[in-house]
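Please examine the sequence and the model shown below.

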Amino acid sequence: MQSSRRSDYIIVGGGVVGLSIAYHLARLGASVIVVERRYVGSGSSTRNAANARAHFFNREASLLAWESLKRMYRLGRVLGYNTLFVRRGYLWLFYREEHLEGMRSYMKTWRELGIPEGRILDVDELARRYPFLNLKGIVGGYLADTNGRYHHDAVVRAYWKNCIKLGVQVLEYVEAEKITVKSGRAVGVETPVGLLEADKAIILAAGPWTRILAKTAGVDLPIEPIRKEAMVTEPLKITIRPLVINTKVNAYAQQTLRGEVLLSSATPLDVPTWSYQHTYQFPLRAAKAMVETIPALAAVNWLRQWAGHYATTPDHNPVLGYVDEVEGLAVASGFSGHGFMLAPAVGEYMALLLEKGYLHPVMAPFSPGRFREGRLIKEDLVIG
Amino acid sequence: MGKVIVCFCEDVTLEEVRRAVKEGYRDLEHLKRLLGIGTGPCQGKQCLVTVAKILAEEAGFDPSEIRLPTFRPPARPVPLGVLAHAELEEE
Ligand SMILES: Cc1cc2nc3c(=O)[nH]c(=O)nc-3n(C[C@H](O)[C@H](O)[C@H](O)COP(=O)(O)OP(=O)(O)OC[C@H]3O[C@@H](n4cnc5c(N)ncnc54)[C@H](O)[C@@H]3O)c2cc1C
C-alpha cells in the first residue's frame with residue numbers, strides 16, 4: 001500500500017476512541033493517520049464488558065454519557081454497520097438504605113439534566129420481576145432500562161470500516177515511540193517505519209499508554225494502568241436481561257447477546273500494572289459474589305477469563321482536549337473504566353475542537369489542565 | 001465439495017474463513033472476533049491452528065508468521081459453583 005508520511009492529524013491508538021476521533025475528523029474533510037502498535041482493538045476496546053449507561057454520580061459525566069448514549073442508539077444506522085445495541089437496562093442492587101436514599105436524590109439531578117429516568121424497585125417487585133435473584137440483605141434496586149449493551153467488536157469494526165472508506169490510513173503493528181516537539185510544538189510521531197508528520201495536531205488516544213507517550217513530549221498526565229478482569233461462561237437462553245450490579249462488593253453479571261454470562265468483580269488485585277496476566281483469585285471472587293446474587297449460576301460452566309485496563313485518573317473521569325504545555329498535542333484517555341460508551345460523543349467533540357476550534361461545553365470540564373489547577377470532578381455518590 | 005466446518009463449536013465453515021481473509025481480515029484476532037472461531041466450549045483448542053493454516057495459505061504468509069490469540073484459563077469448563085465454594089486465600 002502506498003502510504004503518505006504526512007497528514008493533518010496523527011492519532012496514536014487504534015482503539016474505539018482513536019477510531020471514533022479519526023472517523024469524525026475525516027468526516028470534516030481532514031486527512032488522518034492512525035498508528036496502532038498491535039491489531040486494531042487490541043487494548044481495552046476488545047476486553048470490556050460492553051455496557052453503556054447515562055447514569056453517573058456527577059453532572060459532568062452524566063451529561064457526557066447521555067450525549068454518547070443517544071449516539072450509541074443510532075450508531076449502527078449512521079455507520080451502516082450493525083453494532084448490535086440492545087436496551088437491556090442496568091439493575092443496581094442495594095444493601096444499605098443510605099445508598100437507596102443517595103440514589104433517590106441523584107434521580108432529581110438526572111431529571112434536571114433531561115436524562116431518562118429509571119425507577120426504584122422495592123424487594124417485592126424485584127422478586128416478581130427477577131425470580132432468579134437471591135434477595136437476602138437487599139433493600140431495593142434501581143432499574144434504568146434505557147441503558148444497554150453493544151457488541152464491542154462490531155462497534156470497533158463499524159468505525160474502522162468507515163475510517164477506511166473516508167481515506168483514513170490505519171496502520172497496524174506500528175508503534176509510536178516518541179513525540180517530536182519543535183519550538184514548543186508537537187510536529188511528528190517517531191515510529192519504526194519512520195517519522196510521521198502532522199500539520200495540525202497529534203492526538204494521543206493510547207489508553208493508559210497515553211501517559212508514557214505524553215512524557216516523551218515533556219507532559220505529565222496522571223493516568224494509571226489499573227488491571228481489570230472479566231470472565232464468561234457457556235451460552236444459555238437469555239434470562240438475566242439487565243446488567244445486575246451487586247453494589248455490596250462491586251461485582252456484576254449479565255448475559256451477552258449470544259447468552260454467555262459475563263461476570264466481573266472488583267478485587268484487591270486491581271492494581272497498576274502493564275500486564276494482562278490474569279489472576280487465579282479473580283474468578284473465585286467474581287463467582288462467589290454473583291452465585292450469591294444469582295444462585296442458579298452455580299451450575300453454569302465457566303469458559304474463559306481475561307484482563308484489560310481501566311486507564312484511571314485521580315477523579316475517575318477522562319482527560320479530553322489539548323494539553324497546555326505543548327502546542328498541537330491533544331489527548332483522549334483516562335476513561336477510568338467507561339471509555340467505550342463515551343467514544344461516540346468524545347470522537348465528535350474532539351473533532352470539533354481540533355478541526356473547528358470549538359470546545360463543546362459538555363466536554364470542557366474534562367480538560368487535561370484540571371489536575372494542575374485543582375479542578376477535579378467530584379463524585380457525589382460512591383457506591384460499593 | 002460440501003460444507004467444510006473448521007470451528008465445530010461455533011459452526012464456522014472454511015468458506016467463511018476464506019471470504020473474510022479476502023475481505024482483508026489478516027489477523028487471527030480479527031477472524032476470531034468477526035466469525036466467533038475459538039470462542040466456544042473448546043476455546044480454540046480444536047480450530048485455531050487449522051484456521052491459522054488457512055489464513056497462511058489464503059494470504060500467502062508463512063505459517064510461522066501467524067500470531068495465535070492468547071490461550072487463557074480454564075483449560076476445560078468449570079461450573080461457577082465450584083469456584084464460588086473454593087477457599088479464597090486473601091491476597
Ligand atoms: C474488564 C473491563 C470491562 C470494561 N467494561 C466497560 C463497559 O462496560 N463500558 C465501557 O464503556 N467501558 C468499559 N471498559 C473500559 C473500556 O474498555 C475503555 O475505556 C475503552 O476501551 C477505551 O478505549 P480506548 O480507545 O481509549 O483505549 P484502548 O482500547 O486501550 O486503545 C488504546 C490503543 O492504543 C494502542 N497503543 C498504546 N500505545 C501505543 C503506541 N506507543 N503506539 C501505537 N499504539 C499504541 C494500544 O495497543 C491500544 O490498542 C472496560 C474495561 C475493562 C478492562
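Are α5(A) and α8(A) roughly parallel or roughly antiparallel to each other? The model is a predicted one, and in it the axes of helix α5 (residues 152-165) and helix α8 (residues 339-356), both of chain A, come within 12 Å and cross at roughly 25°. Angles under 35 degrees count as roughly parallel, and α5(A) and α8(A) are therefore roughly parallel to each other. The crossing in which α5(A) passes α8(A) is left-handed. On the α5(A) side the contact consists of A:H152, A:V155, A:V156 and A:Y159, which meet A:F340, A:A343 and A:P344 of α8(A). Six of these contact residues are nonpolar, one is polar and none is charged.

The whole structure contains four cavities of 30 Å³ or more, and the largest cavity holds about 80 Å³. Its lining includes A:H152, A:D153, A:V156, A:R157 and A:W160, as well as B:Y25, B:H30 and B:R33. With five residues, α5(A) gives the most to this lining, while α2 of chain B also supplies at least two. By class, the lining of the largest cavity has four nonpolar, three polar and three charged residues.

The second largest pocket, with about 790 Å³ of space, is lined by 39 residues, of which A:H151, A:H152, A:D153, B:R33 and B:T39 are the closest to its centre. Among the elements that give two or more residues to this lining are α5 of chain A and α2 (28-35) of chain B. The lining of the second largest pocket divides into 15 nonpolar, 12 polar and 12 charged residues.

Conventions
Residues are numbered from 1 along each chain as its sequence is written. Chains are lettered from A and ligands numbered from 1 in the order in which they are written. This is a predicted model: local features need pLDDT of at least 70, side-chain atom pairs count only at pLDDT 80 or more; totals for chains, interfaces and linings use all residues. Side-chain values use heavy atoms; hydrogens and water are left out. Axes are lines fitted to C-alpha atoms, for helices over the stretch in contact, and angles run from 0 to 180 degrees between N-to-C directions. Helices (H or I, at least four residues) and strands (E, at least two) are DSSP runs, numbered from the N terminus. Angles under 35 degrees count as roughly parallel, over 145 as roughly antiparallel, 65 to 115 as roughly perpendicular and the rest as oblique. A crossing is left-handed if the near helix is turned anticlockwise from the far one by less than a right angle, and right-handed if clockwise. Contact means heavy atoms within 4.5 Å. Ala, Val, Leu, Ile, Met, Phe, Trp, Tyr, Cys and Pro count as nonpolar, Asp, Glu, Lys and Arg as charged, and the others, Gly among them, as polar. On a 1 Å grid over the protein atoms alone, a cavity is a set of points where a 1.4 Å probe fits but cannot get out, and a pocket is an open set with protein on both sides within 12 Å along at least five of seven lines; lining residues have an atom within 4 Å of a point. Grid points are joined across faces, edges and corners, and a volume is the space filled by probe spheres set on the points.
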